[in-house]
Every structure is written in structure tokens, then in C-alpha cells.
Amino acid sequence: FYNKYKNNFEKGGGIFERLVINKDSFLFSPDKKLVSFIVIGYEYSAPYIVDVNTGVNILENYNIWFDNPQKSLFWFSGGKILVIKSYLNEFSGEGQEALFFSNFNNTNELIKVFSISNDEYRGTLQQPGIHIGEINFSDGEILFSVFANGASQTKIRSYSYDIATKKLTSR
């Protein structure tokens, strides 16, 4: 990856203009066509998922934020489906508590399948906020649950997303 875009790194062009990368954040897709990393700046960090062949950041047009690709990116169906668990960065206001799925065989196109509003995420004094929990894959479905924030981590609801029909159902 570095050798292919070496001139961009050295000249400071495009997405590499002020590049400081957390080297522990590098994560390649199973087919090695995408690489994810975190760019760190003064009082900010930004996730990137870059198409290795084109150099395009596929997150560019989406309000997605995460700080650890190993905990936020999931590959299913032999690497043909990418699931991104986005977070709300309360410090910068970037991102949202949401799940984005790629179209089958087209990991450059993302679809927001589920989201939690910022108010629901934060909660109130009377009602704790909520967040998206663990993500699993089973028999053509992507499974996840929503939990209450705080010490109890009470499961509120479970969901399944059928990959073939692209239908989200509450379980």
C-alpha cells in the first residue's frame, strides 16, 4: 500500500496531506482490496477505509466514526459483506451510533441499516442511554442487539438482518 501511494505520502497530497497514522489500527479486508486505519490530528482522529487500487476513502460521504477497526469492522460471507459499527464521538460530535452494511460483493457502497438517535444514545436522568452491542453472523443473517448504557448493560432488543432480502426484523 505504501509503495503504491509513496508519492502521495512524500508530497502530502490528497488524503495523506497531514498523515499521522496509528500503526496498530491497520486492518486489511480478507481479499486485501481495502485497508482501514485511523488518522490522528490535533484533538481529532478520523477513520479511513481506503480502496487499495484507487486510493479512495469509502467513508468520505458517510457520517461514520470509530477509533479501532478491529472492534468496528466485521467481514462476513467470505469477505463479500462488510459491516461497520459506527459510534458517536461525543468529544467531536462526529459519527453516529449506527450499523452500515456493504452491498453484497460491492464493499465500496454502504447502506445504513440501523441507527440510534443521539438523544437515545445519551439518554436522560430518568432513562439510560442505549448502544449497539455485539454483532454475529448466522445462516445468511447478521444478528445484533441493543443494550442500555451503564453498569447493568441490560439487553433491550435483538435484531436480525437477512442478507438475501435486505430486511431488518426485531426478534
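# Exercises on a predicted model

In this predicted model, R122 and E90 form a salt bridge in which the closest N and O atoms lie 2.9 Å apart. The pair links distant parts of the chain, since R122 belongs to helix α3 (residues 118-122) and E90 to the loop between β5 and β6, 32 residues apart.

**Exercise 1.** State how many salt bridges the structure holds, and decide for each partner whether the residue is buried, partly exposed or exposed.

*Solution.* Begin with the total, which is two salt bridges. Next, recall that buried means under 20% relative accessible area and exposed means over 50%, with partly exposed in between. In the pair already described, R122 has 42% relative accessibility and therefore counts as partly exposed, and E90, at 47%, counts as partly exposed too. Now turn to the other pair, R171 with E141, whose closest N and O atoms are 4.0 Å apart. Because R171 lies in the segment after β11 (167-170) and E141 in strand β9, this pair ties together parts that are 30 residues apart in sequence. Finally, apply the cut-offs again: R171 is exposed because its relative accessibility is 58%, whereas E141, at 24%, is partly exposed.

**Exercise 2.** Describe how strand β6 (residues 94-103) is enclosed and how β6 pairs with β5 and with β7.

*Solution.* Start with burial: nine of the 10 residues of β6 are buried, so the strand is largely enclosed by the rest of the structure. Then consider β5 (residues 81-89), which runs antiparallel to β6 and is joined to it by six bridges; within this pairing, V83 stands opposite F101. The two strands form a hairpin with four residues between them, and G93 in the turn has a positive phi of about 80°. Lastly, consider β7 (residues 106-116), which pairs with β6 over seven bridges, again in the antiparallel sense, and in which F114 is the bridge partner of L99.

**Exercise 3.** Identify the residues that touch the most other members of the largest nonpolar core, and follow the contacts of L99.

*Solution.* The largest nonpolar core has 19 residues, of which V83, L99, F114 and I142 touch the most other members. The elements that give two or more residues to this core are β5, β6, β7, β8 (130-138), β9 (141-148) and β10 (155-162). Looking at L99, and leaving out residues up to four places away in sequence, one finds contacts that include V83, I84, I111, F114, I132 and F144.

How values were computed: Residues are numbered from 1 along each chain as its sequence is written. This is a predicted model: local features need pLDDT of at least 70, side-chain atom pairs count only at pLDDT 80 or more; totals for chains, interfaces and linings use all residues. Side-chain values use heavy atoms; hydrogens and water are left out. Buried means under 20% relative accessible area, exposed over 50%, partly exposed in between (1.4 Å probe, protein chains only). Two strands pair if DSSP finds at least two bridges between them. A nonpolar core is a set of buried Ala, Val, Leu, Ile, Met, Phe, Trp, Tyr and Cys residues joined through side-chain atoms within 4.5 Å. Contact means heavy atoms within 4.5 Å. A salt bridge is a side-chain nitrogen of Lys or Arg within 4 Å of a carboxyl oxygen of Asp or Glu.
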